[in-house]
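Biologist: I have a model open on my screen. Please show me how to read it.

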Amino acid sequence: MSIQEILFWVLTVIALCSAISVVAAKNPVYSVLSLIVTFFAIAGHYVLLNAQFLAVVHIIVYAGAIMVLFLFVIMLMNLNAEIEPQKRSLVKFAGAISGGLLLVVLVAALKQSASTAVLQGHSDIGLIQNLGRSLFSDFVVPFEVSSILFLSAMIGAIVIGKKQ
Amino acid sequence: MPVQYYIWLAVALFCIGVTGVLMRRNAIIIFMCIELMLNAVNLLLVAFSKLHHDAAAQLFVFFIMVVAAAEVSVGLAIIVMTYRHTHAVDINILNRLKH
């Protein structure tokens, strides 16, 4: 087993276990912390896939910005396991069953069209040089549109969050 | 690495996210499960970008991250506003919007 496969399996186990604990944890703070672990495992997968720029952006944006926002909101609301709203166990059971059924359906559908392609070698399309050139030549209009989206999201968040 | 492994991993992460949305009532945790689903799709896009040696998929992932950040900022502002009015983050509170 090569070092890449060992890393793949380790990161996969970490990602899946912490993703399950996001859903299962009673305390919302534990959910946020395990989601951060999931994001770091996914960033490791990006490095394995030669997408170094995306790995760094993923850590900065998700673990650095989004999850800090979640943690701040949870601390601001002082949420804990006692006041955590719980669904009835029948509804929870039905949710788990439907999620599992979705997994079965997707696996069955994708198993038929199983592609045997193998990812190998290492490419340098994930480096910031190539991505930047592509971003500012082919994707310059979506880039500008996303800056307007950010501006409107910022204004929207301020307007919504303001005390009346 | 066969690309299949990444497909199964992304499918598993996506289904965990769907299960979380269906099982939990806390609006913030439902939001986090949506992030989980977005990340499963991102991982699959990066895997196929390596398979086809195409940089466009990685830029799509970049734009998905941008949109997710904007979505989270507005969504959390809405959750904070409902919390200020109702002192709960229970998603069933939003049923009152019907009346």
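Modeller: Start with contact: two residues touch if their C-beta atoms, placed from the backbone, lie within 7 Å. This is a predicted model: local features need pLDDT of at least 70, side-chain atom pairs count only at pLDDT 80 or more, and totals for chains, interfaces and linings use all residues. Residues are numbered from 1 along each chain as its sequence is written, while chains are lettered from A and ligands numbered from 1 in the order in which they are written.

Biologist: Which residues does B:L13 touch, leaving out those up to four places away in sequence?

Modeller: Two are in chain A: A:A15 and A:A19. B:L36, B:N39 and B:A40 complete the list.

Biologist: How many residues does each chain bring to the contact?

Modeller: Chain A brings 70 residues and chain B brings 56. On the chain B side, helix 3 gives the most, with 20 residues. Helices here are DSSP runs (H or I, at least four residues), numbered from the N terminus; strands are E runs of at least two. That side of chain B has 43 nonpolar, eight polar and five charged residues. Nonpolar means Ala, Val, Leu, Ile, Met, Phe, Trp, Tyr, Cys and Pro; charged means Asp, Glu, Lys and Arg; the others, Gly among them, are polar.

Biologist: Where does UniProt place the "transmembrane region" feature in chain A?

Modeller: The unreviewed UniProt entry lists residues 6-25, 32-49, 55-77, 89-110 and 139-160. UniProt positions use the numbering here, feature names are shortened, and annotations may be inferred rather than shown by experiment. In the model, residues 55-77 of chain A are 100% helix, with end C-alpha atoms 31 Å apart. Residues 89-110 of chain A are 100% helix, with ends 32 Å apart between C-alpha atoms.
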